[in-house]
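Dear colleague,

I am handing over the structure we spoke about; please find it just below, followed by what was found in it.

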Amino acid sequence: MAKGNNRTINVKLPTAKVITALQQALAKLELDYTSQDQAEKEYQKATEKWRKDVIKFATDNISKAENMRTNYRQWSGNLNVDFDLTVKENEFPVEPQREFETMHISDYKDMKEEISNSIRILQLTDEEVISTSTYNSIARYL
């Protein structure tokens, strides 16, 4: 219901178009789910490269280091060296961003089942248009 008045929006949508849109949404969901492992591998690979670039950047600029701190861990034989570099953001390697969503298998199965059920129900109907309330129940997938 729109704010400020008591009227509701009532729209009739062609059933065939909604079915097609749901089928496309199902195909996209399946593609996104099956490609997420590959996307994660690519992201991890890019992150590892970024870490190496940061190490190279830090070692190349060690002469500009400020606030040097060391910590020797005798029990493990590790020397931890920590320092600060004052740089501009555009000089520093850009950290890769995760440009995809990871989806848990249970979420994927639930969404796939809901979309598939909606398609089956709409294919069984004799109505040429669907109501706004029906559309609202499936709109999040479109």
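I62 sits in the loop between α1 (15–60) and β2, where helices (H or I, at least four residues) and strands (E, at least two) are DSSP runs numbered from the N terminus. This is a predicted model, in which local features need pLDDT of at least 70 and side-chain atom pairs count only at pLDDT 80 or more, while totals for chains, interfaces and linings use all residues. Residues are numbered from 1 along each chain as its sequence is written, and side-chain values use heavy atoms, with hydrogens and water left out.

With a relative accessible area of 41%, I62 is partly exposed, that is, between buried (under 20%) and exposed (over 50%), with a 1.4 Å probe and protein chains only.

Together with M68, Y72, L79 and V81, I62 forms a nonpolar patch on the surface, with about 510 Å² of accessible area in total. The elements that contribute two or more residues to this patch are β2 (66–73) and β3 (78–84). Areas come from the Shrake-Rupley method with a 1.4 Å probe, and for residues only the protein chains shown count as cover.

As for the whole chain, its elements run β-α-β-β-α-β-α from the N terminus on. Its C-alpha trace spans about 75 × 40 × 30 Å along the principal axes, and buried residues make up 20% of the 142 residues.

Best regards

Technical notes: Patch = residues over 30% accessible without salt bridge, like charges linked within 9 Å, V, L, I, M, F, W, Y side chains within 5 Å. Salt bridge = Lys/Arg side-chain N within 4 Å of Asp/Glu carboxyl O.
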